[in-house]
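Subject: Structure handover

Hi,

Here is the structure we talked about. Please open it next to this note and follow along.

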Amino acid sequence: MNRVNIILAAYNGEKYIGEQIDSILNNSFTDWNLWIFDDGSSDGTGSIVNGYVLKHPDKIKYICNASNKGLTLNFLEGLRYVADCKREMPEKESSKMQEYYMFCDQDDVWMPDKIDKTYKRMKKLERKYSSDTVATVFTDAEVVDEQLRMIYPSFFQSSKLDTKKKDLAHILMENKLIGCTVMVNEALVKKITILPTKARYHDWWIALLAASFGQISYLPEATIQYRQHSNNIVGNQNFLGYVKKRISSLQMQKEVLHKT
């Protein structure tokens, strides 16, 4: 048996979070649990999420953080929290279940086959190297505006980022992974023994772990509608602008290596 645990980091997401949850509920792959970690929302996010929890108590969990952690730690601490919960399951149940983990933004829309396609790529990777190998899968994304109108059919074609360069040396300089497309296996989660309080992005930290200890696989298909809007914490244009600025300066590259 296999199960996918989806970690959604929420913060004042009332405008889009319902649409995102609906897209997960509509996925063809059904063996999943959605864990929503609210980082101190002051809008109607909690009310919306609790409505879904009442309808799907066996599928959706809602956790409110005691204090604001910020995006990166909300994702990474959420990931470790879920993994710890799974390890505390009764021995008979936990021994039958193989756990996988995905990250989810509150304002995107998942394609109906996102989980299934990513999961199948992960299993292919594990068959090649073994399930004990640290493994991460990431995919392409369709970049859309607030009304889900297409801006670019492919994030990676528009960004000119080379998805073939996934070794540690290149990942240190340039993150390739879009966090909201990522799946990791249990072997990778076990490597998160220390939470990086100064890490820039959760997906970059995951990429560094996978490049250092295992394997990264890219699925060249868009599995989400990656919504761009004025309140994005990390969006397509912000991400690309940051990358272009960073690679243009040797001094900035040195600072990135130090801070990462």
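Which helix does Glu186 lie in? Glu186 is part of α8. Please keep in mind that this is a predicted model.

Is Glu186 buried or exposed? Its relative accessibility is 18%, and buried means under 20%, so Glu186 counts as buried. Leaving out residues up to four places away in sequence, Glu186 touches Arg87, Glu99 and Tyr101.

Glu186 also takes us to a pocket. The second largest pocket has a volume of about 260 Å³. Its lining is made up of 15 residues. Nearest the centre of this pocket lie Met97, Gln98, Glu99, Glu186 and Lys190. Three elements, α3 (71–87), β4 (98–104) and α8, each supply at least two lining residues. The most comes from β4, which gives three residues. By class, the lining has seven charged, four polar and four nonpolar residues.

Leu195 is found between α8 (186–189) and α9 (202–213). With a relative accessibility of 15%, against a cut-off of under 20%, Leu195 therefore counts as buried.

Which residues is Leu195 in contact with, leaving aside neighbours within four places in sequence? They are Leu73, Leu76, Glu77 and Arg80. Take Leu73: it is 122 residues from Leu195 along the chain, yet their C-alpha atoms are separated by 7.7 Å.

Best wishes

Methods:
Residues are numbered from 1 along each chain as its sequence is written. This is a predicted model: local features need pLDDT of at least 70, side-chain atom pairs count only at pLDDT 80 or more; totals for chains, interfaces and linings use all residues. Side-chain values use heavy atoms; hydrogens and water are left out. Helices (H or I, at least four residues) and strands (E, at least two) are DSSP runs, numbered from the N terminus. Buried means under 20% relative accessible area, exposed over 50%, partly exposed in between (1.4 Å probe, protein chains only). Contact means heavy atoms within 4.5 Å. On a 1 Å grid over the protein atoms alone, a cavity is a set of points where a 1.4 Å probe fits but cannot get out, and a pocket is an open set with protein on both sides within 12 Å along at least five of seven lines; lining residues have an atom within 4 Å of a point. Grid points are joined across faces, edges and corners, and a volume is the space filled by probe spheres set on the points. Ala, Val, Leu, Ile, Met, Phe, Trp, Tyr, Cys and Pro count as nonpolar, Asp, Glu, Lys and Arg as charged, and the others, Gly among them, as polar.
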